[in-house]
Amino acid sequence: MLSSIVLIFILPLASQAISNIRQVSDIPIQWTNCSTWTDQLSIEKVEANMWPPKRNQLLTVSVSGAAKEEFVYGNYIKTIVYRGYSLPPINGPLNDFGVEVPVHRGPVKMIIFNSTIPEVAPAGQYDVFVKAYEQDHFEVMCVKFSWEFSNN
Ligand SMILES: *[C@@H]1O[C@H](CO)[C@@H](O)[C@H](O)[C@H]1NC(C)=O
Ligand SMILES: *[C@@H]1O[C@H](CO)[C@@H](O)[C@H](O)[C@H]1NC(C)=O
């Protein structure tokens, strides 16, 4: 069961499917600060193109805030937890989030999630944890957002 869920999530995240570019109106969503100590990025808002997420549709989630310090390089780790089971984390450079490094002090926007939710995504609770780190491996942010799918 778990491995099939891993497959349906990892495949679409790994490939950049081509889809129509459309106008996105962002909606503020509820999120949790999962950082234990960082103060590098003061987060003003977390927004999504739709909420709640829908199967078979592109979900785009962004974080907007202000960098308190400059960072020259960064990485992220994204983990989807399904019904309490952690799927293999996805990681990469902050460029994947549409961030150009170096990031200077001041406003910054990161696209922390941009994937089509699989048609076959099973019912249950989904928690997405996105952490970003800078060059010295200090945490820049940790954002958690969640949704739940019911059986159709
Ligand atoms: C999000 O993904 C879609 C489909 O792959 C792509 O067309 C779009 O450019 C991406 N947007 C961002 C901000 O990365
Ligand atoms: C998140 O919580 C940590 C620890 O309490 C705090 O240092 C940080 O400023 C908070 N970040 C935001 C964006 O609220």
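**Strand pairing, core and ligand shell**

Strands E3 and E4 pair in the antiparallel sense over seven bridges. The model is predicted. E3 covers residues 41-48, and E4 covers residues 58-67. Within this pairing, Ser 42 has Ala 66 of E4 as its bridge partner. E3 is also joined to strand E1, residues 27-28. These two strands run antiparallel, with two bridges between them. Here Ile 27 stands opposite Ala 48 of E3.

The largest nonpolar core comprises 29 residues. Ile 112, Met 141 and Val 143 have the most contacts inside this core. Six strands each supply at least two of its residues: E3, E4, E5 (74-82), E8 (106-116), E9 (124-134) and E10 (139-149). E10 provides the largest share of the core, with five residues.

Residues up to four places away in sequence being left out, Met 141 touches Ser 35, Thr 38, Leu 41, Ile 43, Val 63 and Ala 132.

Ligand 2 is surrounded by Asn 33, Ser 35, Thr 36, Trp 37, Thr 38, Asp 39, Ser 42 and Ile 43. Of the residues in this shell, five are polar, two are nonpolar and one is charged.

How values were computed:
Residues numbered from 1 in each chain as written. Chains lettered and ligands numbered in written order. Predicted model: local features only at pLDDT ≥ 70, side-chain atom pairs only at ≥ 80, totals over all residues. Near = placed C-beta within 6 Å. Nonpolar A, V, L, I, M, F, W, Y, C, P; charged D, E, K, R; others polar. Pairing = 2+ DSSP bridges. Helix = DSSP H or I, 4+ residues; strand = E, 2+ residues; numbered from the N terminus. Core = buried A, V, L, I, M, F, W, Y, C linked by C-beta atoms within 7 Å. Buried ≥ 20, exposed ≤ 12 C-beta atoms within 10 Å, placed from the backbone. Contact = placed C-beta atoms within 7 Å.
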